[in-house]
Amino acid sequence: MTRTPQEVFADHGKRLGTGDLNVIAGNYTEDAVFVTAEGTLTGRQGVREGIGRLLSDLPDADWQLTPQFAVNVLFPQWTATTATHVVTDGVDTFVFRDGRISAQTVHCTLTPRTTRTA
């Protein structure tokens, strides 16, 4: 039985929490594409590279997400905060096929967090 996009994305969130790139990549099709402003990565290895960079840039982040589903497409807007950086303009697109993620785009601006002193 094929999972719905909502089921896949819920599982994706759990897998992201593990930090294990192989486990995360298991939710993607073998021919998946992962597109960022820096370029396009392909296959599960490309997914591991792309998500690995994002998790490396935002370790132990506090994520806030607003998902919008439309049939087999998801458009989540998000923010993330770490001890050293913040993202206020995160946006992805996910395309689902056969119970997996077949394409993902990611855009965000990584900004150093400013600290205030009293």
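**Polar contacts and loop residues in the predicted model**

The side chains of T84 and H85 are joined by a polar contact of 2.9 Å, a polar contact being a pair of N or O atoms within 3.5 Å in which, within protein, one atom must be able to donate a hydrogen and the other to accept it, and residues adjacent in sequence count only if both atoms are side-chain atoms. The structure is a predicted model, in which local features need pLDDT of at least 70, side-chain atom pairs count only at pLDDT 80 or more, and totals for chains, interfaces and linings use all residues. Residues are numbered from 1 along each chain as its sequence is written, and side-chain values use heavy atoms, with hydrogens and water left out.

T84 is located in the loop between β6 (77–81) and β7 (85–97); helices (H or I, at least four residues) and strands (E, at least two) are DSSP runs, numbered from the N terminus. The relative accessible area of T84 is 46%, and T84 is therefore partly exposed, the class between buried (under 20%) and exposed (over 50%), for a 1.4 Å probe and protein chains only. Not counting residues up to four places away in sequence, T84 touches T111, P112 and R113, where contact means heavy atoms within 4.5 Å. The C-alpha atoms of T84 and T109 are 14 Å apart in space, and these residues are 25 apart in sequence.

A second polar contact to be described, of 3.0 Å, links the side chains of Q104 and D92. Q104 belongs to strand β8 (residues 100–107) and counts as buried because its relative accessibility is 4%. D92 lies in strand β7, and its side chain also forms a polar contact of 2.9 Å with that of W78. D92 is buried yet has no salt bridge, defined as a side-chain nitrogen of Lys or Arg within 4 Å of a carboxyl oxygen of Asp or Glu. The nearest side chain of opposite charge, R53, is 14 Å from D92; Lys and Arg count as positive and Asp and Glu as negative, while His and the chain ends are not counted.

Backbone angles were also examined. Most residues other than glycine have a negative phi. D60, although not a glycine, has a positive phi of about 50°; D60 is found in the loop between α3 (43–57) and β3 (62–66) and is exposed, with a relative accessible area of 80%. D98, likewise not a glycine, has a positive phi of about 55°. The loop between β7 and β8 contains D98, which is exposed at a relative accessible area of 63%.
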